[in-house]
Amino acid sequence: MPDNWSFVIAAYLLAAVVLGAYWRHLVKKERELEVHDRMDRPVKSTQSMSVNQSVKGTQPRVPGTGHLRSEPSTRRPLP
Amino acid sequence: MTRTLGWLVVLALVAGLVMGFLVAPRDAAQGNVQRIMYVHVPSVLVAYLAFAVVLLASIVYLTTRRESADRIGHASAEVGVLFTGITIASGAIWGKPTWGTWWTWDARLTSVAVLFVMYLGYLLVRGMVDDRERAARYSAVVGIVAALDVPLVHFSVYSWPSLKQPPTMLKPGPSTMPGVFAATLLVNLAALALVYVFLVTKRVALLRREEEALA
């Protein structure tokens with residue numbers, strides 16, 4: 001029986017590539033979620049600050065709809 | 001916790017490789033190509049484990065509507081599909097030098113291919129239905145139905161004429177395998193089972209975070 005090392009290496013490499021690719025996919029997803037969380041935090045802090053300030057009367061409320069508005073730079077795109 | 005598990009996985013994989021390539025001797029009948037079995041057999045056993053977890057998680061979800069059960073089922077199905085894919089591909093790579101063909105439509109190979117497609121269907125159902133609760137419910141039903149194929153895969157070599165030999169692990173009676181081969185298989189099985197636990201843990205955590213981000 002010949003040794004067929006190329007088949008052995010191919011099988012092990014294939015398993016490594018499949019598991020490695022899935023691992024990378026999970027890491028990528030984790031990074032995306034971290035970016036999402038980071039973008040989410042400033043919006044919340046901006047909103048809470050303007051609520052406090054408008055309650056205290058230090059900053060006039062934005063006229064119009066009455067909704068609190070985030071800064072354009074802190075808005076995240078729709079999923 | 002995940003970091004510790006990650007290092008444990010790396011150690012177990014290195015131990016598996018050392019056993020498979022340095023400790024286990026060359027097989028007298030098949031030559032070195034038999035070393036593919038140290039990936040192929042543990043992969044299919046881990047896929048069985050993954051689909052058993054999907055079955056349990058699906059039953060728990062349908063009876064209790066716990067979202068955590070749905071997340072575990074989802075993650076386990078994804079990782080189970082990966083291991084089934086590795087099983088099919090490594091089996092084909094082993095089959096070419098051993099049987100002279102990459103693929104044959106015999107009972108074991110066909111039932112594994114059906115298993116692979118069924119769990120791909122499970123993941124497709126999840127992706128196709130927008131409503132989260134309905135997607136979880138439908139996929140739980142698919143997860144239960146698909147699990148019926150697992151015993152069919154395992155016992156197909158007894159029920160139908162097959163090119164495949166009967167199981168060398170998970171069979172009644174004492175093992176006929178030499179000790180060093182059995183030990184190598186067990187070390188690799190433990191390593192891939194740890195990989196499964198690690199990937200499922202990671203995926204479940206990500207699914208929870210994704211849901212929180214969308215909420």
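Predicted model: local features only at pLDDT ≥ 70, side-chain atom pairs only at ≥ 80, totals over all residues.
**View 1. Chain A and its contact with chain B.** The secondary structure of chain A consists of one helix and zero strands. Of the 79 residues in chain A, 8% are buried. The contact between the chains draws 20 residues from chain A and 25 residues from chain B. On the side of chain A that touches chain B, 15 residues are nonpolar, two are polar and three are charged.

View 2. A:A15 belongs to helix α1 of chain A. Is A:A15 buried or exposed? A residue counts as buried if 20 or more other C-beta atoms lie within 10 Å of its own. A:A15 has 24 other C-beta atoms within 10 Å and is therefore buried. Leaving aside residues up to four places away in sequence, A:A15 touches B:V39, B:I86 and B:S90.

**View 3. The largest nonpolar core.** This core contains 61 residues, and B:I36 and B:A50 have the most contacts inside it. At least two residues each come from α1 (5-56) of chain A and from α1 (2-23), α2 (37-64), α3 (67-99), α4 (107-128), α5 (132-147) and α7 (179-214) of chain B. Which helix gives the most to this core? The answer is α2(B), with 16 residues.

**View 4. The neighbours of B:I36.** In chain A, B:I36 touches A:F7, A:V8 and A:A11. In chain B, B:I36 touches B:S90, B:I93 and B:W94. Residues up to four places away in sequence are not counted here. B:I36 is also one of the residues with the most contacts inside the largest nonpolar core.

**View 5. The packing of α2(B) against α5(B).** The axes of these helices are 8 Å apart, and the packing angle is about 135°. The two helices, α2(B) and α5(B), are therefore oblique to each other. Their crossing is left-handed. From α2(B), the contact includes B:F51, B:V54, B:L55 and B:S58, with B:I59, B:Y61 and B:L62. These meet B:A136, B:A140, B:G143, B:I144 and B:A147 of α5(B). Ten residues of this contact are nonpolar, two are polar and none is charged.

**View 6. The packing of α2(B) against α7(B).** Here the axes come within 9 Å and cross at roughly 45°. As a result, α2(B) and α7(B) are oblique to each other. The crossing of α2(B) with α7(B) is right-handed. The residues supplied by α2(B) are B:Y38, B:V41, B:P42, B:S43, B:L45, B:V46, B:L49 and B:A50. Those supplied by α7(B) are B:T184, B:L185, B:N188, B:L189, B:L192, B:A193 and B:Y196. Twelve nonpolar and three polar residues form this contact, with no charged residue.

**View 7. The packing of α3(B) against α4(B).** The axes of α3(B) and α4(B) come within 10 Å and cross at roughly 150°. This angle makes α3(B) roughly antiparallel to α4(B). Their crossing is left-handed. Among the residues of α3(B) in this contact are B:H74, B:A77, B:E78 and B:G80. On α4(B), the contact residues include B:V112, B:A113, B:L115, B:F116 and B:R126. By class, eleven residues of the contact are nonpolar, five are polar and two are charged.

Terms used. Residues numbered from 1 in each chain as written. Chains lettered and ligands numbered in written order. Contact = placed C-beta atoms within 7 Å. Nonpolar A, V, L, I, M, F, W, Y, C, P; charged D, E, K, R; others polar. Core = buried A, V, L, I, M, F, W, Y, C linked by C-beta atoms within 7 Å. Buried ≥ 20, exposed ≤ 12 C-beta atoms within 10 Å, placed from the backbone. Helix = DSSP H or I, 4+ residues; strand = E, 2+ residues; numbered from the N terminus. Axes fitted to C-alpha atoms, helices over the stretch in contact; angles between N-to-C directions. Parallel < 35°, antiparallel > 145°, perpendicular 65-115°, else oblique. Left-handed = near helix turned anticlockwise from the far one by under 90°.
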